[in-house]
Amino acid sequence: MKKRDNQQEGDEPIWLQEGGERAPIHDSINGSTDLVIIGGGIAGTSTAFHARRSGLSVALIEKDRIANHASGRNDGQILLGLGEHFNRLVSQFGLEKSRNLWKFLEKNSLATRAAIKTLEIPCELQEQGGLRFSISTSEQRELEESARLMEKEGIPHQLWTQKDLEKEADWAKGFFGGLFIEGEAVFSPAAFVRGLAEIYHKEGGSILEKEEVVGISGGAGDYCLETKSGLRLQAGMIVHASSALSPNLDRSGFLEHQVFPFRGQILLTGQLEPQLASRIPSWAMSTHFCYEYFRKHGSQLTLGGMRWSVRGEETGIRNDSQINPEITKKLWAWLEQHIPEAASAGIDRVWSGIMAGTRDGLPLIGPIPGQQGEFLCCAFNGYGMGFGFLAGKLCCELMLQGRSTDPAASSFAPRRLMGM
Ligand SMILES: Cc1cc2nc3c(=O)[nH]c(=O)nc-3n(C[C@H](O)[C@H](O)[C@H](O)COP(=O)(O)OP(=O)(O)OC[C@H]3O[C@@H](n4cnc5c(N)ncnc54)[C@H](O)[C@@H]3O)c2cc1C
């Protein structure tokens, strides 16, 4: 720990080290494509996958490498309900909207896991469920309230007391109980996104890595995208899946006031003692209303969060090569307190990632208001893995049919934020 006390340079996320080296893909594009997608994270890649399967000619453009940013720098938890306790969702959105949101995320979790299996994407999927630990008696009371509401909604869950925790998770200390949610899962996020991109590519989709879009001109049916290297691409439609950088290319000015960047940070421990590693399940785990989150990866633990402890410092940042040493210290202190047996493993690495936030915490999926032919699939806040695969499908439905029958779709429509 000592040598990392003041470290400010981030390490490479473990997920980006997996899968080995490969040369950047840079297909050549002749003539106009039906659709250009800007951004090769989970949002852009999923949209590209579904659009190609719908028969469109598609070019996916990524300024770096596929999944090198938030989608390869997160905790790989496929969460339900935005990681929020259900009672809080209901307080924020009302019962009907919360129900639709939960169902959308449940469908996404099932669809993502099914796709991993049918498409044979090797991404270390673990489907053991998720556990929300309560860090205070008041959080436990909220979990009890959530359990009551979830019972009425028929959402599978188990409410655990402190005694249950002692039996099921004796390695976790200082918690007051928990809520177990069956439909949650964990995976290696970069491997999933890169695997999906590979299939899309094999199915005839184009990929241009290391190519940054710097300008857009023209209009619906006849767009011209200019890249930093001087390429000019013609397209019928555009999807902005460039997360916190989406406002840069939005000519309408709509996104400038709607999307804001913020940074999250993750610490990965060294190898745990085998007898400890074997006792920790591969659950998606969180506590403190999801402000802190953790999971097992092989015989190591990831732990993220603590943004709240350096109030304001992590907002407005677009650079994911740096970390905040104060957060590293806070995460380490958390680990020593709550999973003390893991402390002897020390720190293997620490990295950060940039998320795109919206004021209501929901993503933007659908047409940019007033910009015919330009669509958004971005601003997934801290939950893009829980949304991404079906968000891409929804975006395609909206592009091709102009509407969706999914009752959650209107909650993601960019126009909902008009006037906010
Ligand atoms: C520390 C941390 C932990 C998290 N944990 C979880 C979790 O456990 N579960 C969960 O569901 N979510 C989690 N998230 C959130 C999740 O990572 C994001 O919501 C998700 O990855 C967003 O995906 P995206 O495709 O919108 O963005 P990104 O993955 O950031 O992709 C956007 C891409 O656009 C590219 N781009 C930008 N501008 C241009 C341009 N002009 N031309 C070409 N390309 C461009 C960028 O290079 C980038 O690769 C976490 C995030 C962080 C940072």
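Q: Which residues of α4 meet which residues of α5?
A: Two residues are in contact if their C-beta atoms, placed from the backbone, lie within 7 Å. In this predicted model, Phe86, Leu89, Val90 and Phe93 of α4 meet Leu95, Lys97, Ser98 and Leu101 of α5. The contact of α4 with α5 has six nonpolar, one polar and one charged residues. Here Ala, Val, Leu, Ile, Met, Phe, Trp, Tyr, Cys and Pro count as nonpolar, Asp, Glu, Lys and Arg as charged, and the others, Gly among them, as polar.

Q: What are the angle and the axis distance between α4 and α5?
A: Two packed helices are described by the angle between their axes and the distance between the axes. Axes are lines fitted to C-alpha atoms, for helices over the stretch in contact, and angles run from 0 to 180 degrees between N-to-C directions. Helix α4 (residues 86-93) and helix α5 (residues 95-118) pack at about 125°, with their axes 7 Å apart. Helices (H or I, at least four residues) and strands (E, at least two) are DSSP runs, numbered from the N terminus. Angles under 35 degrees count as roughly parallel, over 145 as roughly antiparallel, 65 to 115 as roughly perpendicular and the rest as oblique. The helices α4 and α5 are therefore oblique to each other.

Q: Is the crossing of α4 and α5 left-handed or right-handed?
A: A crossing is left-handed if the near helix is turned anticlockwise from the far one by less than a right angle, and right-handed if clockwise. The crossing of α4 and α5 is right-handed.

Q: How do α4 and α6 pack?
A: Their axes lie 7 Å apart at an angle of about 75°, and α4 and α6 are therefore roughly perpendicular to each other. Phe86, Asn87 and Val90 of α4 make this contact with Glu142, Glu145, Ser146, Leu149 and Met150 of α6. By class, the contact of α4 with α6 has four nonpolar, two polar and two charged residues.

Q: At what angle do α2 and α11 pack?
A: The angle between α2 and α11 is about 35°, with the axes 7 Å apart. The crossing of α2 and α11 is right-handed. Among the residues that meet are Ile42, Phe49 and His50 in α2, and Gly384, Phe389 and Cys396 in α11. The contact of α2 with α11 divides into nine nonpolar, six polar and one charged residues.

Q: In what order do the strands of the eight-stranded sheet come?
A: Two strands pair if DSSP finds at least two bridges between them. The open sheet has the order β5-β6-β4-β13-β14-β15-β12-β16, with mixed pairing. Its edge strands, β5 (158-160) and β16, each pair on one side only. The twist averages 20° from one strand to the next. Within this sheet, β4 (residues 130-134) and β13 (residues 284-287) run parallel and are joined by four bridges; arginine 132 has serine 286 in β13 as its bridge partner.

Q: Which helices lie across strands of this sheet?
A: Helix α6 (residues 137-153) lies across β4, β5 and β6 (177-181), at about 35° to β6. Helix α10 (residues 325-338) lies across β12, β14 (292-297), β15 (300-304) and β16, at about 45° to β12.

Q: How many residues lie between the strands of the hairpin of β9 and β10?
A: Two residues lie between them, and glycine 221 in the turn has a positive phi of about 85°. Strands β9 (residues 213-219) and β10 (residues 222-227) run antiparallel, joined by six bridges. Isoleucine 216 stands opposite leucine 225 in β10.

Q: Which residues come nearest to the ligand?
A: A residue is near a molecule or strand if its C-beta atom, placed from the backbone, lies within 6 Å of it. Of the 41 residues around the ligand, Gly39, Gly41, Gly264, Gly353 and Gly384 come nearest. Elements giving two or more residues to this shell include α2 (42-53), β12 (260-269) and α11 (384-401). The shell holds 16 nonpolar, 19 polar and six charged residues.

How values were computed:
Residues are numbered from 1 along each chain as its sequence is written. This is a predicted model: local features need pLDDT of at least 70, side-chain atom pairs count only at pLDDT 80 or more; totals for chains, interfaces and linings use all residues.
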